[in-house]
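Let's take a walk through this model and look at where its parts meet. Have the structure open as you read.

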Amino acid sequence: MPGEFDIELPLLLEAIHLKYSYDFRRYATSSLKRRLEQALQNFDCRSLSALQERVLREPEVMRGLLAHLTVQVSEMFRDPSFYRALRDRVVPYLRTYPSLKVWIPGCATGEEVYSLAILLREEGLLERTLIYATDINPEALRKAEAGIYDLDRIADFSKAYCQAGGRASLSDYYTAGYDAAVFDKTLRESVLFSDHSLATDSVFAEVQLVSCRNVLIYFDRSLQDRAVALFRDALCRKGFLGLGAKETLTFSNQAAEFAEFVREERIYQKR
Amino acid sequence: MGTVMPPVQWQAPEAILVGGSAGAIEVVSLLLEALPADFAPPVVVLIHLPRHRPSALDGALRGKCRLALREPVDKEPLARSTVYLAPPGYHLLMDPGPSFALSVDEPVNFSRPSIDVLFESAADVLGPRCAGVLVSGANPDGAHGLHAIQEAGGAVVIQDPEEAAQGAMPAAALALCPNALVLSAKGICRWVQQLSAWQTPNRRSAT
């Protein structure tokens, strides 16, 4: 017999979908439950039913809940070896295109966007690249666009940048304020920040590279399949897909559409 | 110390979860060394590690363990006779299946991976069909998770805080789970060893 929480969970997700069109129904349950338990505390609600009542009638509660349900803690150049592999193995292919499009779905607060923009600038490719940075959380997109990060995170970012094969110093790309680093706004002249849902929206452009790291881990298998099918449709022939270090297409119904390109870094190439 | 047999109504665990922090690697390598090659239940090991030394655990355990040993990837189903090491930098959780799930949510108890996160999600998915073991560590992560396993009907074991290299973690767990079985490192090895014997109904009826 399921507990009350397990009964209320699908009801809440259905209500959110009907009212606001955000679709969390096929998110991985383990992380979703944790996040909702935190939301209950945050909104001081006794149960998911009580939270649902508020979500349906108070749009600002939905905005707050959205932050709870989509929060991701990312870092610049997370897994430096991934960026090194992009630089050494993928960039030579990207150079052959007269113009480039890159898609970063689930970009959250933008750490990965700036990492890729810096890498592409150092390879002389940024000027002919358009980066689509998409997310469902408008607040995260605003932060991503602002490109301002706490100064106490920068030491780790710098270290990762060097390990990732950075050609200069990370400090060349930001201005340090009192407690924050503001990233060079010319980095985002090539970036289009935009609302897009891997759960409900469709393909909007043809791209040469999709970098979607540690986003699919929040989806169940069926939603992962949907997202990867979107990537397949968005990618040009022989285009590249980069996943997180612990993500794999092994269990995906799209596995046959891709070849492993740099196996240990989870970089795939569309067949 | 005599052998501690599981209670008669014991259900074979679908997973054995082992958590620890400072001083845990020694206990866990002793445990993994003690497991025979045909030990059936999957063993999931989560030890807090320094962020930038991800290979420390793997290096310490590989070669001693007769079972397959690896870090799980997202959505990987739990397999028999396999030891899984929680990858550094991610929370490790369990989804229905059971299969592994990962997240990069905020650290819990200043830890990612956090033992509470793993144990609580395992308790939720497996209920009484999981066993939790908490060993040496200098912080209280894992206490709530072990309590959740106990509440769900799973077996819980704590390393004797007096014996543990760092007693804070087992002591915090013992405060929340006063009825937990308290064992020495060697006792934990023996206790886990016999869980495999309860795996198949045939063997159970034979005893």
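Domain 1 of chain A and domain 2 of chain A bury about 1,100 Å² between them, with carbon and sulfur atoms giving 57% of that area. Keep in mind that you're looking at a predicted model. To find the two parts, look for residues 4-70 of chain A, assigned to domain 1, and residues 80-270, assigned to domain 2. Their centres, taken over C-alpha atoms, sit 28 Å apart, and each domain brings 12 residues to the contact.

Who does the work on the domain 1 side? Start with Arg26(A), Tyr27(A) and Ala28(A): together they supply 49% of the area that domain 1 of chain A buries against domain 2, more than any other three residues. As for polar links, four residue pairs are in polar contact between the two domains (both at pLDDT 80 or more), while the count of salt bridges there is zero. Two helices of chain A, α2 (29-42) and α4 (59-70), each put at least two residues into the side of domain 1 that touches domain 2. The largest share, three residues, comes from α4(A). Sorted by class, that side of domain 1 has six nonpolar, three polar and three charged residues.

Now step back to the pair of chains. Chain A and chain B bury about 2,200 Å² between them, 48% of it on carbon and sulfur atoms. The contact takes 29 residues from chain A and 29 from chain B. On the chain A side, pick out Arg34(A), Val73(A) and Lys246(A), which supply 30% of the area that chain A buries against chain B, more than any other three residues.

How many salt bridges cross the interface of chain A and chain B? There are five. One to zoom in on joins the side chains of Lys246(A) and Glu71(B), at 2.5 Å from N to O. You'll also find 13 residue pairs in polar contact across the interface of chain A and chain B (both at pLDDT 80 or more).

Last, a word on confidence in chain B. Its average pLDDT is 88, and 86% of its residues score at least 70. Residues 198-207 of chain B fall below 50, and this stretch has 16 contacts in the model beyond near neighbours in sequence.

Notes: Residues numbered from 1 in each chain as written. Chains lettered and ligands numbered in written order. Heavy atoms only, no water. Domains from an automatic or database assignment. Contact = heavy atoms within 4.5 Å. Buried area = accessible area lost by both parts, 1.4 Å probe. Salt bridge = Lys/Arg side-chain N within 4 Å of Asp/Glu carboxyl O. Polar contact = N/O pair within 3.5 Å; in protein donor to acceptor, adjacent residues only side chain to side chain. Helix = DSSP H or I, 4+ residues; strand = E, 2+ residues; numbered from the N terminus. Nonpolar A, V, L, I, M, F, W, Y, C, P; charged D, E, K, R; others polar. pLDDT = per-residue confidence, 0-100.
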